[in-house]
Amino acid sequence: MRTKNYMNTLTNWTLRLMAAQFNYRPSLQKYLNSTDGWTNFSIGLKTENGTVEQAIQFQNGRVKVLKYIPDHADATMRFISDDVLKEMVKITPNETINLILKNKVILDGNMAYLGAFNYFVSLLMGKRHQKMLERANRQEVKSRKEEYGITNPEFSEDLLKRKNFRLKAETIDPGVKHLTDPYLSQYSLDSFPRIKMLHEKHLHTTPEISAERPVLLTRWYRKNGFEKDTNGNPWFSEIRQAHAFQYLMENKKPIIRPECLIAGTTCPEEVGVLIYPDTTGTVIWGELGSIDKRVLTPYFISDKTAQELHDIFPFWAKRTTRAWIHEKYDYPFCQKIDERFVASFNFKLVSISHTVPDLPRFVNDGTKAMIEEVRQQIAVLDEGETDKLNTLRSMILCLEGLNSYAANLAQEAGRLAEKETDLKRKAELSELSRICRHVPANPARTLDEAVNSAWISWIGLLMENTNVSLSPGRLDQLFQPFFDKDMKKLSTKQEKKQYLEHVLELISCYFLRNAEHHALVPDVSNYLFGGSQSETAITVGGVTPQGKDAVNDMTYIFLKVTEMLSLSDPNMNARFKLGVNSDTFLKRLCEVNYITVATPSMHNDDAVIEAFSQNADKIEDLRDWASTGCVEITLSGKHMSHTGATSVNMVAGLEMALNNGYHPLMNWHLGPKTGRVENNDFKTFDDFFKAFAAQQKFIIDNTIALNNMSAEAYAYLRPTPLLSTAIQGAVQKAKDVTKGGAIYNTSGSFNIGLCDVVDSLMVIKKLVFDEKRISFKELKEAIDSNFQYNPSLHAMVLKKVSRFGSGSDEAVEMANRVTSLIHSCYKSTKNFRGGDYTVGFWSVAQHVAYGTLSGALPSGRLAYRHFSPGVTPDASASKNFLDNIRDVARLNPRNMDNNIAFNVKLVPAADDSREKIVNTMYSYVKTYFEQGGMQIQFNMVNSDVLKDAMANPENYKNLLVRISGYNAYFVNLNKDMQIEIIERAEYRS
Amino acid sequence: MSKNPLILEIKGNSLDDGPGIRSVVFFKGCPLSCIWCHNPESKKAIVEISFDSNECVGCNTCLKTCPDNALSRENPFFIDRTRCNLCFACVTDCPSGAMEKVGREMTISVLVEKVLKDKPFFDTSQGGVTFSGGEPTLYMLFLAEAAKVLKEKGVHVLIETCGQFRYETFMDLVYPYVDLIYFDIKIMDSRIHKKYCGLSNETILENFKRLYRKFQEGGVEILPRTPLIPDITDTNENLSAIISLFREENVNKTQLMPYHPLWQDKNQKIGIKPPSNSGNKMGEWMEGDRVKICKKLYTDAGILME
């Protein structure tokens with residue numbers, strides 16, 4: 001260990017300067033205070049080689065610099081070298097977190113306090129910080145334009161023209177009762193001026209950080225206590241959450257947006273960013289002064305909001321899921337791995353509610369009936385079943401809270417109606433007032449009531465549960481009976497046409513409402529999950545629980561709205577059942593995908609049901625599955641599925657197997673010692689595969705250990721009584737869904753880098769062991785040097801081994817061997833609620849993020865480059881797209897019960913007719929499904945258009961792209977992700 | 001012909017060689033030698049070697065491998081084909097795939113198996129197999145057998161032909177197993193045809209007329225196609241002469257294939273010097289306006305574009 005050097009002195013001076021400013025300038029000192037009193041914490045700084053060790057302590061309004069790091073320091077930043085510490089001085093505070101992501105700084109301890117520290121630094125820097133960001137912004141725009149961009153205004157115009165021509169349906173599905181042309185080809189966004197206006201407004205509104213939810217909740221907790229009530233007795237968590245929820249719903253501002261046909265909003269802002277301080281909220285502490293200026297997804301933030309959040313964050317700093325685990329389990333090893341972001345990432349620390357609640361219960365039965373059911377459960381409880389009683393009571397409190405909010409909305413709509421001078425709007429507002437007096441308390445009777453009931457209930461669910469991936473599911477099934485009933489009441493053709501147009505407006509409003517709230521994206525997530533939003537997945541088509549064709553009028557109405565609005569959220573998914581659903585339906589899915597460029601995603605019912613049948617016996621429940629978040633499988637309304645619980649970088653396991661358990665980028669020997677390539681420890685390919693399997697198991701075991709702790713944290717910090725009323729089983733068992741109340745209890749994983757791993761294993765197997773063309777050592781040396789000194793070896797690994805997606809039986813076998821291994825690792829464990837883990841192979845955007853954190857691979861992929869998304873074969877696998885389709889279809893669905901994402905970029909020729917484009921897409925999808933493929937999604941755009949969008953984002957605000965499972969606006973993506981999508985294989989269609 | 005033919009490539013997922021999704025079988029060898037041929041590697045009915053400088057990583061493994069000293073970086077084509085004995089040792093050793101063997105013998109069963117792999121896609125797209133080349137009718141027996149087997153398996157069979165074949169043999173052997181014929185009509189003036197394509201055009205035109213009459217009598221559909229080659233086939237005289245022929249034969253539909261210069265890189269790879277008479281226009285993609293003018297000549301005469 002080296003002794004302290006000049007950097008130590010420099011750091012000491014800098015920190016002392018900071019301390020002095022806060023100690024002597026009252027304008028700064030006030031930031032050390034919150035409603036809870038002084039914010040006390042300490043941050044240590046040191047270098048790995050011991051040249052620097054300093055700490056800064058914020059204690060009772062005084063700031064002190066210490067020449068050692070105290071044992072109880074809340075967070076310590078370990079810099080891997082002096083140079084990184086120097087780098088840190090030059091960058092903006094919000095970028096510090098990116099140094100942590102890149103593993104140049106290792107953070108031990110509480111991330112929230114690092115945020116607080118960063119915020120203090122940014123206060124000192126003041127305008128200079130903002131100027132630095134503005135400069136970074138200009139450089140970024142310039143780099144996109146000059147390094148990658150091209151400019152051709154015709155491209156964006158051509159893209160828009162796609163909407164101008166629309167096919168008519170050739171046949172009518174049995175479930176379609178009223179639409180004469182199910183494709184609704186006569187309508188476009190231009191047919192609905194009101195929706196067009198709302199849509200424009202939406203696209204041009206910068207999202208704003210919303211303080212309403214956290215401020216109201218914190219106010220309640222400060223008054224009534226969090227751990228203990230005002231009498232000093234420990235709270236029963238469900239009861240505490242329910243009271244707080246009720247307070248929030250009663251005091252939340254009731255809002256009816258101008259021109260909107262649906263009452264209520266998740267937040268007062270036009271487009272708001274919802275904050276959940278008990279999970280990720282405090283991550284933006286450091287960005288409160290700069291979030292509006294950052295390069296990617298800037299948010300507007302008012303001074304008032306920044307002050308309010310700065311005031312409440314101290315309350316939450318030690319009450320986050322992360323802090324709770326840190327404290328309870330004494331900073332467990334699994335958490336340390338997670339906080340390096342390289343091998344795995346536990347998404348449960350952000351959200352637990354990737355599921356599809358029982359919306360039909362709210363809409364069809366209403367909250368009064370739900371309350372009554374809970375009361376009946378209470379009535380049959382035995383004496384002394386206090387926990388059950390409290391659990392059930394908490395549910396009632398939540399449902400009552402929801403009703404209070406609806407009543408406030410009714411009043412607000414009435415007030416607005418009175419003021420309104422436009423007669424048409426006045427009537428609409430009066431109608432909304434009437435509707436909100438009726439639903440969600442009572443069963444809906446009309447489609448307008450049903451849609452409003454679903455939305456108001458949804459607001460309640462989002463006020464309780466993080467707005468990440470909570471998904472409404474099969475809305476075409478829910479709404480069809482109402483549409484059918486309403487239409488039957490009408491007699492003339494004209495009336496029916498008018499009503500249909502009203503419904504198209506109503507569903508458009510529903511989409512826009514769903515798009516009004518954004519999930520909080522701290523700057524670090526711009527790189528981890530770029531462009532990702534709430535991922536509200538809606539599912540259409542497929543079959544009914546009885547196995548009948550479920551495609552109906554509402555299915556096509558949803559598809560029409562999807563086509564007209566091209567929104568990134570809600571995330572549209574479609575189910576297709578071979579032999580039951582019609583070709584007309586599948587062709588419509590293809591046409592909408594072509595017009596919107598990237599949505600909906602398409603699923604094969606047979607493969608999905610086969611995959612998931614290992615987790616459920618009842619065929620009726622399996623047939624009622626719906627997509628969740630990205631693509632995942634949830635049995636609607638019965639299943640606490642937390643489908644996006646944890647992600648694993650499979651490439652990290654491969655790198656660790658190549659390095660005897662050591663991970664080069666992390667510079668950490670974390671895994672088991674499984675043998676050294678340099679010592680010739682692997683005599684056969686199976687020897688090496690065993691090492692690979694051991695490292696995967698190690699990573700998976702750790703991420704599961706953390707995920708189970710994280711589930712326990714939710715059960716204490718944020719049980720979800722309202723959600724529990726909306727997932728069958730919880731009321732009957734009188735158990736919250738975070739504790740296992742649901743009928744089905746699984747947790748989903750998503751495992752990233754499949755094709756990179758498979759192609760790498762194929763190279764090792766073929767070239768090293770089967771053909772003996774190169775030695776393992778030689779290959780390892782080439783990887784370690786990023787193939788810099790051995791271009792012919794690099795060419796050989798790229799060209800001489802068949803890849804997954806090339807039609808090679810051996811590569812497909814390898815892929816199934818890997819998925820089977822991963823599947824068995826997960827299936828040997830249980831989650832906190834006693835359920836199984838499900839196994840997915842889709843990647844959100846982490847194939848890019850994990851890629852930037854991984855070295856060169858035997859497959860020939862160079863260091864830090866993105867992986868291939870989901871299960872998509874590498875672009876070099878084959879020139880023939882049919883090879884890709886066939887190989888992906890041969891993946892065994894039994895190993896993939898949390899679904900897959902197969903991304904395909906298709907580029908039609910300029911003079912292809914719409915029929916030809918749609919028929920070709922249809923043929924790919926239909927054949928892929930017939931061969932057993934599970935899921936497929938298209939990006940119908942070529943690289944030149946994307947490069948134009950990179951240089952001229954203002955022309956492409958609405959350009960959707962599929963990343964891996966979810967949609968995003970291309971122009972909102974980070975540069976690496978844009979390049980990844982540009983570099984994807986392009987197939988002529 | 002007892003020997004199996006040389007196949008250049010079976011290209012799956014083709015959307016431009018007939019209806020639906022198709023697998024295109026490229027035969028190697030052609031009786032014509034059109035100077036603009038967009039598959040120059042398919043002209044000769046012999047195995048060849050190609051070198052792709054874009055793929056080469058410059059490791060020089062091949063220089064050490066070659067027993068004939070046929071390779072040299074000084075040579076713009078890299079391979080001295082007068083020295084090369086086609087042992088393909090360099091192809092085996094080349095790590096990057098820059099050196100490649102062009103053309104391989106294929107049995108009917110292998111060919112059928114490869115094509116049938118794509119049958120599920122033919123079925124959902126009303127696609128099928130397209131025999132192209134080169135010239136598929138150069139291997140009449142093989143072609144007939146392959147078409148027969150595939151047709152029996154329910155595959156739609158399309159043949160792209162230059163029209164230079166023996167009519168009777170074609171009718172006896174191949175015709176019964178074909179669903180659609182794409183027939184090239186390139187140049188009407190026989191002397192000019194000979195100059196640019198190597199042979200005169202009498203047989204071709206005669207075959208076309210006979211097949212077209214068959215079609216009108218309820219036989220296999222035939223679509224005449226013309227590649228638009230700047231200043232060679234796209235002249236007013238030539239196109240007018242083609243239109244006259246179409247009028248005489250009551251042809252009401254055709255396809256024009258605009259010129260593109262991608263074949264020039266392929267020439268380089270297999271060691272063919274660019275033809276001396278390829279002017280500036282041969283180096284560029286044909287302009288859309290020129291294509292429109294050509295198409296208009298046909299549509300004005302009441303002939304539709306496919």
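Me: Which strands make up the open sheet in chain A, and in what order?

Reply: In this predicted model, six strands of chain A form an open sheet in the order β12-β13-β14-β25-β24-β28, and the pairing is mixed.

Me: And which strands stand at the edges?

Reply: Those are β12 (537–541) and β28 (986–988) of chain A, each of which has a single partner strand, so one side of each is left without a neighbour in the sheet. From one strand to the next, the twist averages 35°.

Me: In which sense do β24 and β28 of chain A pair?

Reply: Strand β24 (residues 903–907) of chain A pairs with β28(A) in the parallel sense, over three bridges, and L906(A) has Y987(A) in β28(A) as its bridge partner.

Me: Which helices pack on the sheet?

Reply: Helix α23 (residues 605–612) of chain A is one of them, touching β13 (571–576) and β14 (601–604) of chain A, with a direction that makes about 65° with that of β14(A). Helix α35 (residues 914–930) of chain A also packs there, touching β13, β14, β24 and β25 (935–939) of chain A, and its direction makes about 160° with that of β25(A).

Me: Changing topic: at what angle do α7 and α36 of chain A pack?

Reply: Helix α7 (residues 153–161) of chain A and helix α36 (residues 943–951) of chain A pack at an angle of about 115°, their axes being 9 Å apart; the two helices are therefore roughly perpendicular to each other. Their crossing is left-handed.

Me: Which residues meet there?

Reply: From α7(A) come F155(A), S156(A) and L159(A), which meet D944(A), V945(A) and D948(A) in α36(A). By class, this contact has three nonpolar, one polar and two charged residues.

Me: On to chain B, then: how many of its residues are in contact with chain A?

Reply: In chain B, 15 residues are in contact with 18 residues of chain A. The elements giving two or more residues to chain B's side are β1 (6–14) and α4 (119–125) of chain B, and α4(B) gives the most, with four residues. That side of chain B divides into seven nonpolar, seven polar and one charged.

Me: How is chain B itself divided?

Reply: Chain B has domain 1 (6–44 + 106–305) and domain 2 (48–102), and the C-alpha centres of these domains lie 32 Å apart. Six residues of domain 1 of chain B are in contact with eight residues of domain 2 of chain B, and the domain 1 side of that contact has two nonpolar, one polar and three charged residues.

Notes. Residues are numbered from 1 along each chain as its sequence is written. Chains are lettered from A and ligands numbered from 1 in the order in which they are written. This is a predicted model: local features need pLDDT of at least 70, side-chain atom pairs count only at pLDDT 80 or more; totals for chains, interfaces and linings use all residues. Domain bounds come from an automatic or database domain assignment. Two residues are in contact if their C-beta atoms, placed from the backbone, lie within 7 Å. Ala, Val, Leu, Ile, Met, Phe, Trp, Tyr, Cys and Pro count as nonpolar, Asp, Glu, Lys and Arg as charged, and the others, Gly among them, as polar. Axes are lines fitted to C-alpha atoms, for helices over the stretch in contact, and angles run from 0 to 180 degrees between N-to-C directions. Angles under 35 degrees count as roughly parallel, over 145 as roughly antiparallel, 65 to 115 as roughly perpendicular and the rest as oblique. A crossing is left-handed if the near helix is turned anticlockwise from the far one by less than a right angle, and right-handed if clockwise. Two strands pair if DSSP finds at least two bridges between them.
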